[in-house]
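Subject: Structure for your review

Dear colleague,

Please find below the structure that I promised to hand over. I would be grateful if you would look through it first and then read the notes that follow it.

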Amino acid sequence: MPRRAGAPEVNAGSMADIAFLLLIFFLVTTTIETDAGLDRMLPPIEPPEEDVIIKQKNIFQVLINKNGQLLADDNIIGLKELRVKAMDFLDNNGDGTCTYCKGKKDAESSDNPTKAIISLKNDRETKYGTYITVQNEIVGAYNDLRNREAQRLYGQDFTDMEATYLNPETPSGVRDELKEKVKRIQDLFPQKFSEAETSTSN
Amino acid sequence: MSKFAKKKSGELPAVSTASLPDIVFMLLFFFMTVTVMKDSTVKVENTLPNASEIKKLEKKDRVITIYVGAPTQEYQSTFGSEPKIQLNDKFASPSEVGDFILMERAKKAQELQNVLTTSLKVDKNANMGLISDIKQELRKVNALKVNYTTYEGDAFNNIN
């Protein structure tokens, strides 16, 4: 008798096993990575053509010793005070030219945010964790001030604006619009942050 | 004789597993899309420090990674327990960092060569001396954009 039912059905019972095998392969060989961190620019190795003379009061010097202690402008301070101290310094507005600053206008501290420089120096034996904490606090001081200005001008946080701007999934129309705003806020408090070469411990 | 034969007790109908492959495939596709391939095995202790003011590293093809930390248990007998630099799959000295960066840069597409970021994945117990040496080397080859890769968290957890 000829078969009329057509080709017999292929047993698909092992499909799940095959899929599981593939799944496990991908689980093992891949990682869910969302790398994030503190972005910094290193200074170029060629020294600038002309020496720039910077007034001592426009430099906020931060030293970290090998035990992780901090010296900021010749005072020993705790790590938790650093952010406030750095913000006070940046926001000081000593010469009164900065219209958006809310600082104390202390003549002994920085002239205005565009001139204020934070200088960081560390020992060769400083722990990396401490160094990152200090970096984080200084970047945090800039971000807090920029957030304040962004809130005043555009009603949103600078950090959010920047994250949206840097996100490749943001439509280009929105990005172009944000670009100018981000640039403007960055110019209000430019990140002038120098890192001296490390000292050898004695 | 009843017309309706009693079903045999204790015999449950089998659960259909026909949709199991679909479920597994769904999982598979999820993992295929959200993960990336591991590029190298990390041979050093790599507990990154915490920081709160972080920015995401977008676009993986523009990143060169340098690992720093003490060698893991299995390598300690040969390489000691002092923090070391790991480039790709092998341990290296600070002087090799420059060549490594140049080599990796040459592998990338022409238009990406100027926008590369160096991601420093450094164990939080490493000393800054080694990092300073790396930074000097990076400056020599003009790879100035660095990212200190960290976990998100309270930065004060780093000190203990």
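In this predicted model, chain A holds an open sheet of five strands, arranged in the order β5-β4-β3-β6-β7 with mixed pairing. Which strands stand at the edges of the sheet? They are β5 (75–77) and β7 (193–195) of chain A, and each has a single partner strand, so one side of each is left without a neighbour in the sheet. From one strand to the next, the twist averages 25 degrees.

The partner of β5(A) is strand β4 (residues 70–72) of chain A, and the two pair in the antiparallel sense over three bridges. Within this pairing, A:L71 has A:I76 of β5(A) as its bridge partner. Helix α2 (residues 79–90) of chain A packs on the sheet, where it touches β3 (59–64), β4, β5 and β6 (117–122) of chain A. The direction of α2(A) makes about 15 degrees with that of β4(A).

Next come the helix pairs within chain A. Helix α3(A) packs against helix α4 (residues 158–166) of chain A at an angle of about 90 degrees, and their axes are 7 Å apart. α3(A) and α4(A) are therefore roughly perpendicular to each other. On the α3(A) side the residues are A:N143, A:R146, A:N147 and A:A150, which meet A:F158, A:T159 and A:M161 in α4(A). Sorted by class, the contact of α3(A) with α4(A) has three nonpolar, three polar and one charged residues.

α3(A) also packs with helix α5 (residues 172–188) of chain A, at an angle of about 130 degrees and with the axes 10 Å apart. These two helices, α3(A) and α5(A), are therefore oblique to each other. α3(A) passes α5(A) in a right-handed crossing. From α3(A), A:R146, A:E149, A:A150 and A:Y154 make the contact, together with A:K181, A:I185 and A:L188 of α5(A). What is the class make-up of the contact of α3(A) with α5(A)? There are four nonpolar, no polar and three charged residues in it.

The remaining notes concern the two chains together. In total, 49 residues of chain A are in contact with 50 residues of chain B. On the side of chain A that touches chain B, α1 (15–29), β1 (30–31), β2 (36–41) and α3 (128–154) of chain A each supply at least two residues. The largest share of that side, twelve residues, comes from α3(A). By class, the side of chain A that touches chain B has 22 nonpolar, 17 polar and ten charged residues.

One helix pair spans the two chains: the axes of α1(A) and helix α1 (residues 20–34) of chain B come within 9 Å and cross at roughly 15 degrees. α1(A) and α1(B) are therefore roughly parallel to each other, and α1(A) passes α1(B) in a left-handed crossing. Among the residues that make this contact are A:F20, A:L23 and A:L27 of α1(A), and B:V24, B:L28 and B:F31 of α1(B). The contact of α1(A) with α1(B) has 16 nonpolar, no polar and no charged residues.

Strands link the chains as well. β1(A) and strand β1 (residues 36–37) of chain B run antiparallel and are joined by two bridges. In this pairing, A:T30 stands opposite B:M37 in β1(B).

Yours sincerely,
A colleague

How values were computed:
Residues are numbered from 1 along each chain as its sequence is written. Chains are lettered from A and ligands numbered from 1 in the order in which they are written. This is a predicted model: local features need pLDDT of at least 70, side-chain atom pairs count only at pLDDT 80 or more; totals for chains, interfaces and linings use all residues. Two residues are in contact if their C-beta atoms, placed from the backbone, lie within 7 Å. Helices (H or I, at least four residues) and strands (E, at least two) are DSSP runs, numbered from the N terminus. Ala, Val, Leu, Ile, Met, Phe, Trp, Tyr, Cys and Pro count as nonpolar, Asp, Glu, Lys and Arg as charged, and the others, Gly among them, as polar. Two strands pair if DSSP finds at least two bridges between them. Axes are lines fitted to C-alpha atoms, for helices over the stretch in contact, and angles run from 0 to 180 degrees between N-to-C directions. Angles under 35 degrees count as roughly parallel, over 145 as roughly antiparallel, 65 to 115 as roughly perpendicular and the rest as oblique. A crossing is left-handed if the near helix is turned anticlockwise from the far one by less than a right angle, and right-handed if clockwise.
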